[in-house]
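This report covers fold, surface and charge pairing, in that order. The entry it describes is shown next.

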There are 2 protein chains.
Amino acid sequence: MEGKGKRASHIYRAAAEIMCEKGYEATSMNDIAEAAGLTKAGIYHYIRGKEDLLFEIMNYAMDAVDHGVVAPAREIEDAEQRLRVIVERHTRSVLEGVGALTIVLEETGALTPAHRRAITARKRAYFEFIRSTLRCLAAEGKLLPVDPTVATFSLLGMILWISRWYRRDGPIGAEQALRDYVEIGMSAVLRKTS
Amino acid sequence: MEGKGKRASHIYRAAAEIMCEKGYEATSMNDIAEAAGLTKAGIYHYIRGKEDLLFEIMNYAMDAVDHGVVAPAREIEDAEQRLRVIVERHTRSVLEGVGALTIVLEETGALTPAHRRAITARKRAYFEFIRSTLRCLAAEGKLLPVDPTVATFSLLGMILWISRWYRRDGPIGAEQALRDYVEIGMSAVLRKTS
């Protein structure tokens, strides 16, 4: 498994990009093999089939969220600082990572029921992590007078949407975009302090 | 054309919903006819084919934005009030409308090049309308110190994401969600006033 890590990561990214470009249904195993630079026989060494690959890609994307966002944020006791780390790290991962991975996470309709339940549970756990942070802020009187569920979806929509528009070779640098998103995200849900 | 309006609207909504459920590629004309309650011969009375239908659905969705959001907002001279009307009306249309129409708007990859250019131009015009409002706010010193492009995409991501999660039969009423989204959206991009 360890030896397969890097190659698997390469396949997941290439497969996610071709799935986004052509649409999941229209993407064949041949397309995926070609995008990953493997023969069709070669790709079956790594994956069993398209649905299985989709499930692995989604787990790979959720692993990145767990390790890169949740794990470091969980260490932070202060809710406002924790929220800042969540917004900053998640935004950075979408800005700097492969946008296609974020988009492919929405294809849960193409999973088998058992796989769909597993991915939905992982997404829900992340959602709950953000919402519980916002509930802490509400208890401290720092949250705007809004429903924490609506606020959580607002932040997630804002961040996940980056995958739809941001181009690393475009006019807006990643550092500026990151700074602005943190400013906008925090301002979106926190009460004004004069 | 006029007589076809209501029937067309029914077909667009039903088709958008089945396309979201099954994925555009996997949806057949038979599926669409069935969802719209028409025979396969009947549906060809209204539309020429799947790509053509997709293009018509997208124009229908953009017409709704133009009539329901842009036209009334354009009448408002004050930039802050204009932004509030944009956020409120667009959010309301996603909360109360057919979420599938919003999601289908992303399927531009499935359009012919000429159709894709036409839809992209309409989306861009809407984007520019919001961004120019944010630029007015920047000139008035009311915008957060952020790039108006990033702020525009933040607002759009927040609003368009509603189609992914909001259920009218769920625990959060449309009026509460609307109120919260307007609060969050305005707070996201405007400077604090003490």
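**Terms and basis**

A residue is called buried under 20% relative accessible area, exposed over 50%, and partly exposed in between, using a 1.4 Å probe and protein chains only. The model is predicted, so local features need pLDDT of at least 70 and side-chain atom pairs count only at pLDDT 80 or more, while totals for chains, interfaces and linings use all residues. Residues are numbered from 1 along each chain as its sequence is written, chains are lettered from A and ligands numbered from 1 in the order in which they are written, and side-chain values use heavy atoms, with hydrogens and water left out.

**Fold of chain A**

Chain A contains 10 helices and zero strands, where helices are DSSP runs of H or I with at least four residues, strands are E runs of at least two, and both are numbered from the N terminus. Its pattern along the sequence is α-α-α-α-α-α-α-α-α-α. Along the principal axes, the C-alpha atoms occupy a box of roughly 65 × 40 × 30 Å.

Of the 194 residues in chain A, 53% are buried. Contact means heavy atoms within 4.5 Å. Taking contacts in chain A between residues at least 6 apart in sequence, 71% join residues at least 24 apart.

**Surface and charge**

Chain A exposes about 9,200 Å², with carbon and sulfur atoms supplying 50% of it; accessible areas come from the Shrake-Rupley method with a 1.4 Å probe, and for residues only the protein chains shown count as cover. The chain carries 27 positive and 26 negative side chains, and the centres of the two sets are 2 Å apart. Lys and Arg count as positive and Asp and Glu as negative, with His and the chain ends not counted; each charge is placed at NZ of Lys, CZ of Arg, CG of Asp or CD of Glu.

A surface patch of negative charge is formed by Glu25(A), Glu107(A), Glu25(B) and Glu107(B). Patches consist of residues with over 30% relative accessible area and no salt bridge, like charges being joined within 9 Å and nonpolar side chains (Val, Leu, Ile, Met, Phe, Trp, Tyr) within 5 Å. Glu107(B) sits in the loop between α6 (99-104) and α7 (113-139) of chain B, and is partly exposed at 32% relative accessible area.

**Salt bridges**

A salt bridge is a side-chain nitrogen of Lys or Arg within 4 Å of a carboxyl oxygen of Asp or Glu. By this rule there are 22 salt bridges over all chains. One of them pairs Glu80(A) with Lys142(A) at 3.3 Å, N to O. Glu80(A) is in helix α5 (residues 79-96) and Lys142(A) in the loop between α7 (113-139) and α8 (148-160) of chain A, so the pair ties together parts that are 62 residues apart in sequence.

Arg92(A) and Glu175(A) also meet in a salt bridge, at 3.2 Å, N to O. These two lie in helices α5 and α10 of chain A, so this pair links parts that are 83 residues apart in sequence. Arg92(A) is partly exposed at 29%, as is Glu175(A) at 46%. In chain B, Glu80(B) forms a salt bridge with Lys142(B), the closest N and O atoms being 3.2 Å apart.

Asp180(A) belongs to helix α10 (residues 174-189) of chain A. Asp180(A) is buried yet has no salt bridge, and Arg179(A), the nearest side chain of opposite charge, is 4.9 Å away. Neighbours within four places in sequence aside, Asp180(A) is in contact with Pro145(B), Val146(B), Asp147(B) and Val150(B).
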